[in-house]
Amino acid sequence: MIDIGNHTVMQKTLASSLKKSIKLLNSARIPEAIDYLKQVIKRHPRSTDPLKLLAEIYMKDTGEMEKAQEYLEKSLSIETNDVISYFHLGLCLEKAKKLNQAFEAYKKAHFLSPEDGPILHCIARILNQTKHHAASIFYAKKALEHLPNELMLYTDLAYMCHGLGMSTEAYDYYKKAIELEPDNKTSYSSSIFVAHKVPGISHQDLMQLAQGHNQKFIRSKKQDLSFDHSNRYDPNKKQFKLGFVSADFKRHPAAYTLISVFEKLNKSKFELNFYYNNKDEDFMTEKFKKIAHRFNFVQELNDETLAQKINNDQIDILFDLSGFTSGERLAAIAYKPAPLQLTHIGYFGTLGMPEIDFIIADKTVVKESEEQFYTEKVYKMPHCYTHCNQDGVPQANKEAPCLKNGYITFGSFNTFHKISKQVLISWIELLNAIPNSKLLFDSRSMMQTSDLDFFKNFFIERGITSDRIILRSNIERDDFLNSYNDVDIALDPFPLSGGSTTMEALLMGVPVVTITGDKWSGRMSSTLLNTIGHDELITNSVEEYKSKLIELAQDQARIQEYRENLKQDMNKSPLNINQYLPAFEQALLDMWQIKSNSQ
């Protein structure tokens, strides 16, 4: 509220009027306060205080951002250098999702007060929302100098650093956020996800982090609700009700992977029930609805109600498809609403929850010696834990681009958060080793000029000319996939490898060279390559990785051979849905029998 005591030069009548307005406001008589202030403004058209107070009411009390914007702009037309009004205008426009206009308002406030921490933070936040990540980090760090204990700054910085592949920095910022607010679940779960990419974080560390999350945010908050499944375990059962919990039954890599399995599952044996923790719908959502026995929107349900619903639906096998990613419902699953509970696809590690019986893996992503670091039993598929969905993948050009270009084009289409400084340096060394070679980078996660410049400048500053770096940011999947027609060899990042992007590259006839990592998150490309019989593209160190890439880049005939045969190799491998599906259905029967026999 406006402190009237500071307005000693204000006319007595205006001061009295403002006091009455505030009294109405403090008595929760909002409509009367608004009407009265409009009368005050008519009587004192050149005074900014009633304009600002009315704008504040519209912003904070009624949520009418357009009206708030109107009165703030009137105030600024009178008092053109009012920092607070520019700041409030920015807040108002940001809430109204007018991000570009909000940014301009914040910039004017920053010009008038360049060392103001909250203004710097707001600028950083807008830049982050508009995917200008590099610039956002700069302003957030400046804000941190003035606001060293501001929780949101640490979480924002963690998110932004992660987006630019700065995983260690992101992890450190999340840890600081947790120190400031130990009960912040989002910071804790995000830190676990990022920890997979931080050097020195072991399997045991990851399990302890997951168990800590379970104890702090799930077990300690559980209510008195339990379900009795003792009479439901029948090892000879042949028909099952499957339940799938996720926030990603929409345009999402996990959805593209899963939909072909769900479409082709034997419906006489398996009934499909989806629990969608999201309101967003698109063409992929419609595909899931079409094959569902029941499709439930559950975002509005609390954990206990969701658990009760799943139990009432008599689900036999319940899948978590999110892990620690956004939109998870682990607290509901912790009530054990189904006799058998699994985690699959959405996350690549243990969840630290005894209520989840199995995690579906394979011998490449989880070594036998690592099973001790999973609270779940590790069920290993006979070949690969996942499969390859070829729906919507266009036919690749028959000729490798190097044959007509006369130079090698490397490519990486992974999201930028997987590409660390170490990865970029290894790629610079590769470009230096192969004269005239180019690097094509196409990422749907990097769409703004400032981020593209940040990426390109990293190479230019280290001696790679700008014409050798090709940057694209295709949003549509068809355009994204067709970019592979311009790539000879795909570069897998490390320590977090590609997954869906590796499948897509191979389907488009582009060989992918990878480093097998020390965790599941770094072995996804390795298990795909093993499964299709191309382990010659798997390396075990950065030096071997570069050596393999140089060797392949110098053998254009071999690159063309890959172009002609990789898709066929994918089709005849266990990644093909027709081979994967029987193994997946058998896996469900196996896990059910194991669980039933243990009761």
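How do the residues of the lining of the second largest pocket divide into nonpolar, polar and charged? They come out as 5 nonpolar, 11 polar and 6 charged. For that count, Ala, Val, Leu, Ile, Met, Phe, Trp, Tyr, Cys and Pro are nonpolar, Asp, Glu, Lys and Arg are charged, and the others, Gly among them, are polar.

Okay, some ground rules. This is a predicted model, where local features need pLDDT of at least 70 and side-chain atom pairs count only at pLDDT 80 or more, while totals for chains, interfaces and linings use all residues. Residues are numbered from 1 along each chain as its sequence is written, and side-chain values use heavy atoms, with hydrogens and water left out.

Back to that pocket. Its volume is about 340 Å³, meaning the space filled by probe spheres set on grid points joined across faces, edges and corners. A pocket here is an open set of points on a 1 Å grid over the protein atoms alone, where a 1.4 Å probe fits, with protein on both sides within 12 Å along at least five of seven lines; lining residues have an atom within 4 Å of a point. There are 22 lining residues, and Lys-197, Val-198, Pro-199, Gln-422 and Pro-495 are the closest to the centre. Helices H10 (167-180) and H18 (421-433) each give two or more residues to the lining, with H10 giving the most, 3. Helices (H or I, at least four residues) and strands (E, at least two) are DSSP runs, numbered from the N terminus.

Now follow H18. Is Ser-420 buried or exposed? Buried, at a relative accessible area of 16%; the cut-offs are under 20% for buried and over 50% for exposed, with partly exposed in between, using a 1.4 Å probe and protein chains only. Beyond its neighbours within four places in sequence, Ser-420 is in contact (heavy atoms within 4.5 Å) with Gly-165 and Phe-494.

Within H18, the buried residues include Leu-424, Trp-427, Ile-428 and Leu-431. Those names come back with Phe-459, whose contacts outside four places in sequence include Leu-424, Trp-427, Ile-428 and Leu-431.

Finally, the largest nonpolar core has 119 residues, and Phe-459 and Trp-427 are among the five that touch the most other members. Such a core is a set of buried Ala, Val, Leu, Ile, Met, Phe, Trp, Tyr and Cys residues joined through side-chain atoms within 4.5 Å. Helix H9 (residues 151-163) gives the most to this core, 7 residues.
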